[in-house]
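Could you walk me through this protein model? I'm new to it and would like a plain tour.

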Amino acid sequence: MSFETKGTIADFGGKLLKLSHQAKSTNCEMNLNLFLPGSASASKPVPVLFYLAGLTCTGDNGAEKGFFQAKAAEKGIAVVFPDTSPRGLKIEGEDESYDFGSGAGFYVDATKEPWSKGYKMYSYITDELPAALFGHFKELDGNRVSITGHSMGGHGALTLFLKNPGKYKSVSAFAPICNPSNCPWGEKAFSGYFGEDKKDKWAEHDATELLAKYPDNTDILIDVGTGDNFYKQKQLLPENFEKAAKAAGKGVKVNYRDGYDHSYFFISTFASDHVEHAAKYLLKKR
């Protein structure tokens, strides 16, 4: 599958590519950003960190405001910034609210009509997009991949990691929706994409429910701001995830960052820590 390069921007000794391609899983053209460090080449491919953005975001937000590239360039790691949902499918209601439909794919494969016709972000992120990227860009090492994300994207990072043992070398998250089955955002999304009565499907995409089923130990890094209104409103529920980790004997470190909110000021402050966390596993000698 070929990509169209819509822009190339010099960035920390490497380049940030503005890309688009036709995706079968989402039934539309998908835009994304790809940061290639200066050290990347076909003869020496570099490992890859996927950054999944949150509600209302596109593939531009993390690339332009997240400040991942400086540390990624230093470590020799590529960063992929995908979009958060299909766009323009002409489904009734897809643009009516910020937390469902456009910009709010929740990294699941919808099973409920009409959303099942294109809202397949789980398949897109885990299968179609990486296959396309690693087939097209020989500078990328498809055997060394980690994942991180923010808010809805933090939920995506945690669940994709936990549902696919061995696929990702590491996972981390900024203010993730840790227990979507028990918060308003998740209840709305899962009811719409799966159905109110499909609680078994909800559990399949809930990090707090999935953690105990993960076959290996974990080293999961999470940062949450204590000034985050969504944390205060119980949309994120990291404490439920910590409780599940303790019960399952899994390694989870949650840093409660005093005074920080939910914004990209928060993400950019701690982005280097998350790239370092990924580098610990992506650059491990094999």
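A bit of housekeeping comes before the tour. This is a predicted model, in which local features need pLDDT of at least 70 and side-chain atom pairs count only at pLDDT 80 or more, while totals for chains, interfaces and linings use all residues. Residues are numbered from 1 along each chain as its sequence is written, and side-chain values use heavy atoms, with hydrogens and water left out.

Let's begin with the strands. Strands (E, at least two residues) and helices (H or I, at least four) are DSSP runs, numbered from the N terminus. Two strands count as paired if DSSP finds at least two bridges between them. Strand β1 (residues 4-11) runs antiparallel to β2, and seven bridges join them. Along that pairing, Gly 7 sits opposite Lys 18 in β2. The hairpin of β1 and β2 has two residues between the strands, and Phe 12 there takes a positive phi near 50°.

On to the next partner of β2. Strand β3 (residues 28-36) is joined to β2 by nine bridges, again in an antiparallel arrangement. Here Ser 20 faces Asn 31 in β3. This second hairpin has four residues between its strands, and Asn 27 takes a positive phi near 60°. How covered up is β2 itself? Eight of the ten residues of β2 (residues 14-23) are buried, so the strand is largely enclosed by the rest of the structure. "Buried" means under 20% relative accessible area, "exposed" means over 50%, and "partly exposed" lies in between (1.4 Å probe, protein chains only).

Now look at strand β4 (residues 46-52), where seven of its seven residues are buried. β4 pairs with β6 in the parallel sense, over six bridges. In that pairing, Val 46 has Leu 140 as its bridge partner in β6. β4 also runs parallel to strand β5 (residues 78-82), with three bridges between them, and Val 48 stands opposite Ala 78 in β5.

Which residues carry the "active site" label? In an unreviewed entry, UniProt lists Ser 151, Asp 228 and His 262 under that heading. These three span 112 residues in sequence, yet no two of their C-alpha atoms are more than 11.0 Å apart, so they gather at one spot. From this set, Ser 151 and His 262 belong to the lining of the largest pocket. As for the record, UniProt positions are given in the numbering used here, feature names are shortened, and annotations may be inferred rather than shown by experiment. As for the pocket, the search uses a 1 Å grid over the protein atoms alone: a pocket is an open set of points with protein on both sides within 12 Å along at least five of seven lines, whereas a cavity is a set of points where a 1.4 Å probe fits but cannot get out, and lining residues have an atom within 4 Å of a point.

Take a look at two of these residues in turn. Ser 151 lies in the loop between β6 (140-149) and α4 (152-163), and counts as buried at 3% relative accessibility. Contact means heavy atoms within 4.5 Å. Not counting residues up to four places away in sequence, Ser 151 touches several residues, including Gly 54, Trp 185 and His 262. His 262 is in the loop between β9 (252-257) and α10 (264-282), and is also buried, with a relative accessible area of 13%. Leaving aside neighbours within four places in sequence, the contacts of His 262 include Ser 151 and Asp 228.

What about the cysteines? A disulfide is a pair of cysteine sulfur atoms within 2.5 Å, and by this rule the count is zero. The sulfur of Cys 28 is 17 Å from the closest cysteine sulfur, in Cys 57, too far for a bond. Cys 28 is buried, at 8% relative accessible area.

Thr 218 is in the loop between α7 (207-210) and β8 (220-225), and a polar atom of the Thr 218 side chain lies 2.9 Å from the backbone oxygen of Gly 251. His 277 is in helix α10, where a polar atom of the His 277 side chain lies 3.3 Å from the backbone oxygen of Val 171. Thr 218 is buried at 6% relative accessible area, and His 277 is buried at 7%.

Technical notes: Polar contact = N/O pair within 3.5 Å; in protein donor to acceptor, adjacent residues only side chain to side chain.
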